[in-house]
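Thanks for coming. I have one structure to show this morning, so please look at the screen.

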Amino acid sequence: QVQLVESGGGLVQAGGSLSLSCAASGNILRIGVMGWYRQAPGEQRELVATITRDGDTNYADSAKGRFTISRDNAKNTVYLQMNSLKAEDTARYYCKGSVTGWGYGVNVYWGQGTQVTVSS
């Protein structure tokens with residue numbers, strides 16, 4: 001079994017910054033693509049950013065220039081640095097990982113999410 005646990009969410013004023021972390025643990029041989037997604041009330045879950053094992057990144061237009069995704073493969077952890085936050089960034093943020101475990105193929109796992117609230 002694999003668990004992804006996010007941390008770092010909270011309440012911040014518009015223009016401020018937050019740093020999210022997501023640590024994976026359990027039966028892990030290798031983690032491929034990791035990513036951050038978010039879901040606001042009444043909205044669909046949407047991509048924020050992804051990063052490959054080699055460090056190649058992809059960002060939603062809304063995140064470009066303000067958010068930075070990074071990872072530490074040795075720690076099975078992905079990070080999201082969020083700067084210049086806006087009220088519309090308010091959402092629950094989820095991390096996702098494509099995990100290969102010992103004795104099985106690739107499965108996709110999601111964390112439980114962490115709430116980010118930006119006050120205007």
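First, the ground rules. This is a predicted model, in which local features need pLDDT of at least 70 and side-chain atom pairs count only at pLDDT 80 or more, while totals for chains, interfaces and linings use all residues. Residues are numbered from 1 along each chain as its sequence is written, and side-chain values use heavy atoms, with hydrogens and water left out.

Start with the cysteines. A disulfide here is a pair of cysteine sulfur atoms within 2.5 Å, and the count comes to one. The partners are C22 and C95, with sulfur atoms 1.8 Å apart. That pair links distant parts of the chain, 73 residues apart: C22 is in strand 3 (residues 18-26) and C95 in strand 9 (residues 91-100). Strands are DSSP runs of E, at least two residues, numbered from the N terminus. Both C22 and C95 are buried; buried means under 20% relative accessible area, exposed over 50%, and partly exposed in between, with a 1.4 Å probe and protein chains only.

Next, the rings. Rings of Phe, Tyr and Trp (its six-membered ring) pair if their centres lie within 6.5 Å; planes under 30 degrees apart are stacked, over 60 edge-to-face, and the rest tilted. There is one aromatic pair. Y37 sits in strand 4 (residues 30-39) and W110 in strand 10 (residues 106-110). Y37 is buried at 15% relative accessible area, whereas W110 is partly exposed at 35%.

W110 also has a charge over its face: R45, 4.6 Å from the ring centre. R45 lies over the face of Y94 as well, at 3.7 Å from the ring centre. The rule is NZ of Lys or CZ of Arg within 6 Å of the ring centre and within 35 degrees of the ring normal.

Now R38. This arginine is in strand 4 and is buried, at 7% relative accessible area. What does its side chain make polar contacts with? The side chains of S62, at 3.4 Å, and D89, at 2.9 Å. A polar contact is a pair of N or O atoms within 3.5 Å; within protein, one must be able to donate a hydrogen and the other to accept it, and residues adjacent in sequence count only if both atoms are side-chain atoms.

Last, T114, in strand 11 (residues 114-119). T114 is buried at 10% relative accessible area, and its side chain reaches the backbone nitrogen of G9 at 3.2 Å.

How values were computed. Helix = DSSP H or I, 4+ residues; strand = E, 2+ residues; numbered from the N terminus.
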